[in-house]
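This briefing goes through the helix packing and strand pairing of one model, topic by topic. Please keep the sequence and the coordinates open while reading.

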Amino acid sequence: MTTDKRFERTLVTSALPYANGHIHLGHIAGAYLPADIYVRYKRLRGERVLYVGGSDEYGVPITLTALKEGVTPQDVIDRYHNAHAAAFAALGISYDIYGRTSWPLHIDTTQAFFSKLNEGGYVEKQTMELWYSEQSQRFLPDRYVKGTCPKCGFEDASGDECENCGAQYSAQELKSPRANIPGDNSTPVLRDSAHWFLRLPAFADALKTWLDSHPEWRANVRGIAYGWVNDLRARCITRDTDWGVPIPLECEDIAGKRIYVWFDAPIGYVTNTRQWAIDTYGDESRWLEWWKDTGTRLIHFIGKDNVPFHAVIFPAMLLGQGDYVLADNVIGNEYLNVFNRETGKSEKGSKSRGNMITVRWMLSKVSPDALRYYLCANAPETKDAAFDWDEFAARYNGELCDVVGNFVHRSLTMTVKNFDNQVPTPGPLDDDDNALLAFLPQQVDAVAEALDTFHFRLAVERFIEIGRRANQYFDTKAPWVTRKTDLERTATTLYVCCQVVRALCNTSAPFFPNAAAVLADVIGVTLPKGGPDGGPDGWNAAKELLPSGAPLKQPVVLFPKLDKDQIAEWAEAHARGEAQ
Ligand SMILES: [Zn+2]
């Protein structure tokens, strides 16, 4: 079979979303939906799999939002953490734990990481020149200072990074700096400040060996990772802020400083696994096998902007601990942009443009399954994709509704009506029957093969193909005609159709959990839940036949069609900036 038997368990992470804005469709297409489909698939197979996520709650942008709104950073993270958790739950993103980096346990995990790296000689102190506001008597990290980008001349660039051209630079390179704090736009001065750096070059050889051992990774991830590994520099891991994990050192220099958010965020995966072990078993030691036993297969799902952190920096931090597993794959997706119907072009989703579509807004209009279908079928796997309302309507209505939903509904309706709410008893099978029955297990394996290799678009396409073949068969066999002339032939046709429905039911579960649950109830099959401890194999059960006489309930519409006028209204609301 396609599943890798070297591993006893799979640990899946999705990038921790930042608790400073709502989850939008671009996030989902990149780091969350593919991970959830993969995890649900593994659970259905009965394999041991744990899915860990959480909110990223420290860092300068959060304190700046709090300052601007006149609330506390805690208020900001509570608001967005709760909103994130609700949006994920509504879409069916099925974390085993959705944690928070503001949890006290996270201070412990992060400080242990820092201390271990420090003991290993991987942390060094450097003095840097940083912007300091004499008016506010504080250093100005990141977005606390604005100025002109030294590379492109953009006048609203942050202290160390330009949002316009993506350039990164050191503070003193910023031109025409000004403080960016409510009530303080003064011109800052450069002042010395002591900070701690992670000595990334010390890990260059180990990182290279590890990357070399994974030629199967996506080209975009490998390209970015090698680019970084070939040019590693020490990276600052502390910041002048009071919103973050305290630095576990005993010296005066740490006053007013915290561990920087990029360092602690990925450690959140470990913290949340620890918390999950406590919550689930009352035994914290149960987290250890997931991170330290070589039988664990660790897989990170991220957007491509996160590749350096998950394919270089976090692995270096793990190597510095000495006893952690490294990722077996890093699935870095490209971006989901937004198609602008007025200009006919795709553009980046952005808050300031007002063109983003949040999950909470979208799910007030369409079902989770409809959204999951479009975002999977149009996933930005190897190149950027764009959300387009016309395409959304065409694909959901024309593929999921018309091909799969329609087949299931018409074949089950006819079966229930003509064969006493039971799977009929077939007569002799002809070539068409045998061909379709032989196709089903092959196609179930083909969907599995695509999922095992992280080709989610292909996987859902192969799933739809089951429906296409079944519709051709149904039209050829025309049971609505044979019903009047040849009841045995009709029974055989609908018996075969019931087997297709069974295969569709189990294989749809990773993609469309709501529809799968409804259909499973109609045809009387059980979809095992699975989880971190494993369970029975409900994936290969898709290849088993429903026996003649098995009871069937009245079918319901699995994928209701969306009305064209309604979609046009939503598209206009989106264009007016109401989808935030
Ligand atoms: Zn720039």
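Which residues of α2 meet which residues of α3? Ile62, Thr63, Thr65 and Ala66 in α2 meet Pro73, Asp75, Val76 and Ile77 in α3, where a contact requires that the C-beta atoms of two residues, placed from the backbone, lie within 7 Å. The model is a predicted one, in which local features need pLDDT of at least 70 and side-chain atom pairs count only at pLDDT 80 or more, while totals for chains, interfaces and linings use all residues. Residues are numbered from 1 along each chain as its sequence is written. Helices (H or I, at least four residues) and strands (E, at least two) are DSSP runs, numbered from the N terminus.

- By class, the contact of α2 with α3 has 5 nonpolar, 2 polar and 1 charged residues, with Ala, Val, Leu, Ile, Met, Phe, Trp, Tyr, Cys and Pro counted as nonpolar, Asp, Glu, Lys and Arg as charged, and the others, Gly among them, as polar.
- Helix α2 (residues 60-69) and helix α3 (residues 73-91) pack with their axes 8 Å apart and at an angle of about 110 degrees; axes are lines fitted to C-alpha atoms, for helices over the stretch in contact, and angles run from 0 to 180 degrees between N-to-C directions.
- The helices α2 and α3 are therefore roughly perpendicular to each other, on a scale where angles under 35 degrees count as roughly parallel, over 145 as roughly antiparallel, 65 to 115 as roughly perpendicular and the rest as oblique.
- Helix α4 (residues 104-119) packs against α7 at an angle of about 125 degrees, with the axes 9 Å apart, which makes α4 oblique to α7.
- The crossing of α4 and α7 is right-handed; a crossing is left-handed if the near helix is turned anticlockwise from the far one by less than a right angle, and right-handed if clockwise.
- On the α4 side this contact is made by Leu105, His106, Thr109, Thr110 and Phe113, and on the α7 side by Asp264, Ile267, Gly268, Val270, Thr271, Arg274 and Gln275.
- The residues of the contact of α4 with α7 divide into 4 nonpolar, 6 polar and 2 charged.
- Helix α14 (residues 456-477) and helix α16 (residues 487-508) have axes 10 Å apart and pack at an angle of about 170 degrees, and the two are therefore roughly antiparallel to each other.
- Helix α14 passes α16 in a left-handed crossing, and the residues of α14 that meet α16 include Phe463, Ile466 and Phe474, while those on the α16 side include Val500 and Leu504.
- The contact of α14 with α16 has, by class, 8 nonpolar, 4 polar and 1 charged residues.

**A parallel sheet and the helix across it**

- An open sheet of 5 strands has the order β3-β2-β1-β13-β14, with parallel pairing; two strands pair if DSSP finds at least two bridges between them.
- β3 (97-100) and β14 (327-333) stand at the edges, each with a single partner strand, so one side of each is left without a neighbour in the sheet.
- Neighbouring strands of this sheet are turned by 20 degrees against each other on average, direction ignored.
- Strand β13 (residues 296-303) is joined to β14 by 6 bridges, the two running parallel, and the bridge partner of Ile302 in β14 is Gly332.
- Helix α7 (residues 261-281) lies across β1 (9-14), β2 (48-55) and β3, and runs at about 120 degrees to β3.

**A mixed sheet**

- A further open sheet has 3 strands in the order β16-β15-β17, with mixed pairing.
- Its edges are β16 (345-347) and β17 (385-387), each with a single partner strand, so one side of each is left without a neighbour in the sheet.
- The twist averages 50 degrees from one strand to the next.
- Strand β15 (residues 336-340) pairs with β16 in the antiparallel sense over 3 bridges, and Asn340 has Lys345 as its bridge partner in β16.

**Pairings of β4**

- Strand β4 (residues 123-133) runs antiparallel to strand β9 (residues 189-198), joined by 10 bridges, and Trp131 stands opposite Leu190 in β9.
- β4 is also joined by 2 bridges to strand β5 (residues 138-139), likewise antiparallel, with Arg138 in β5 as the bridge partner of Ser133.
- In the hairpin of β4 and β5, which has 4 residues between the strands, Gln137 takes a positive phi near 55 degrees.

**A kinked helix**

- Helix α12 (residues 389-418) has a kink of about 40 degrees centred on Cys401, where the bend at a residue is the angle between axes fitted to the seven residues ending there and the seven starting there.
- Asp420, which follows α12, has a positive phi, near 60 degrees.
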